[in-house]
Amino acid sequence: MEKLKRYVIFLVGLLISSFGVAFITKAELGTSPISSIPYVLSLQFPFSLGQFTIAFSIILILLQFIILKKNFKKEYLLQIPVSILFGYFIDIAMLLLQYMHPTSYIMKLMDLLLGSLILGFGIYIEILANVVMLPGESFVRAIVVTWNKNFGNTKVIFDACISIIALCFSFLFFHTIQGVGQGTIIAALLVGFIAKFFVKIFSFLPNILFEKVETK
């Protein structure tokens with residue numbers, strides 16, 4: 001029952017996060033770093049942002065398997081169904097927000113900030129559930145564990161690398177910048193801070209929601 005509760009909470013967090021990604025994307029100032037490659041590809045090919053998110057996630061899971069080798073645990077395979085759900089959640093969110101077409105810079109910025117807030121809260125809910133990590137964070141963890149690196153610094157480098165790759169795809173396909181921009185940088189800086197803020201102010205929640213594990 002305890003495990004089921006955690007997975008339900010995680011799915012809620014996943015759904016909230018998908019709306020955060022959708023809001024940031026619809027702001028048209030550049031999507032979040034982890035969605036940058038899937039989004040640019042979705043602008044060029046007849047597949048949705050959610051579908052490319054699933055494909056990109058599967059690639060990250062395969063890379064984890066290569067990096068971790070024997071240290072790749074069976075429970076890490078849970079990332080596969082989670083990635084598929086997240087991809088479909090993103091497509092649903094994008095469909096529900098299809099009416100959003102901010103024209104002024106102020107409106108775009110407001111949508112970006114709102115999306116960052118929503119995404120940060122969604123990530124906090126996922127952290128609260130403490131059952132499985134999304135492939136992006138899990139890939140960073142694999143690097144940290146294998147080569148004894150700092151998680152925060154590695155995450156920043158990872159976000160920068162995938163954003164640069166997305167930029168390269170953008171120039172290759174459109175000969176200009178699309179899908180990556182100042183919003184990508186703002187989201188990268190804000191979302192983690194927002195998630196940590198929620199962790200701090202709601203530090204009492206785990207004791208209320210979950211059973212305490214007694215240690216002997």
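Residues are numbered from 1 along each chain as its sequence is written, and side-chain values use heavy atoms, without hydrogens or water. In this predicted model, local features require pLDDT of at least 70 and side-chain atom pairs pLDDT 80 or more, whereas totals for chains, interfaces and linings use all residues.

Helices are DSSP runs (H or I, at least four residues), numbered from the N terminus. Helix H2 (residues 33-44) and helix H7 (residues 151-174) have axes that come within 7 Å and cross at roughly 15 degrees (axes are lines fitted to C-alpha atoms over the stretch in contact, with angles from 0 to 180 degrees between N-to-C directions). H2 and H7 are therefore roughly parallel (under 35 degrees; over 145 counts as roughly antiparallel, 65 to 115 as roughly perpendicular and the rest as oblique). Their crossing is left-handed (the near helix is turned anticlockwise from the far one by less than a right angle; clockwise gives right-handed). The contact (heavy atoms within 4.5 Å) includes Ile-34, Ile-37 and Leu-41 of H2, together with Ile-162, Phe-169 and Phe-173 of H7, among others. Its residues comprise 13 nonpolar, four polar and one charged (Ala, Val, Leu, Ile, Met, Phe, Trp, Tyr, Cys and Pro count as nonpolar, Asp, Glu, Lys and Arg as charged, and the others, Gly among them, as polar).

H7 also packs against helix H6 (residues 135-147), with axes within 9 Å and a crossing of roughly 125 degrees. This angle makes H6 oblique to H7. Among the residues in contact are Phe-139, Val-140 and Ile-143 of H6 and Phe-151, Lys-155 and Phe-158 of H7. Six nonpolar, two polar and three charged residues form this contact.

The axes of helix H3 (49-68) and helix H4 (residues 79-96) lie 8 Å apart at about 160 degrees; H3 and H4 are therefore roughly antiparallel. Their crossing is right-handed.

The second largest pocket holds about 180 Å³ of space. On a 1 Å grid over the protein atoms alone, a pocket is an open set of points where a 1.4 Å probe fits, with protein on both sides within 12 Å along at least five of seven lines; lining residues have an atom within 4 Å of a point. Of its 13 lining residues, Phe-139, Phe-158, Cys-161, Ile-162 and Ile-165 lie nearest the centre. H3, H6 and H7 each supply at least two lining residues, and H7 gives the most, with six. The lining has 12 nonpolar, one polar and no charged residues.

Conventions. Points joined across faces, edges and corners; volume = space filled by probe spheres on them.
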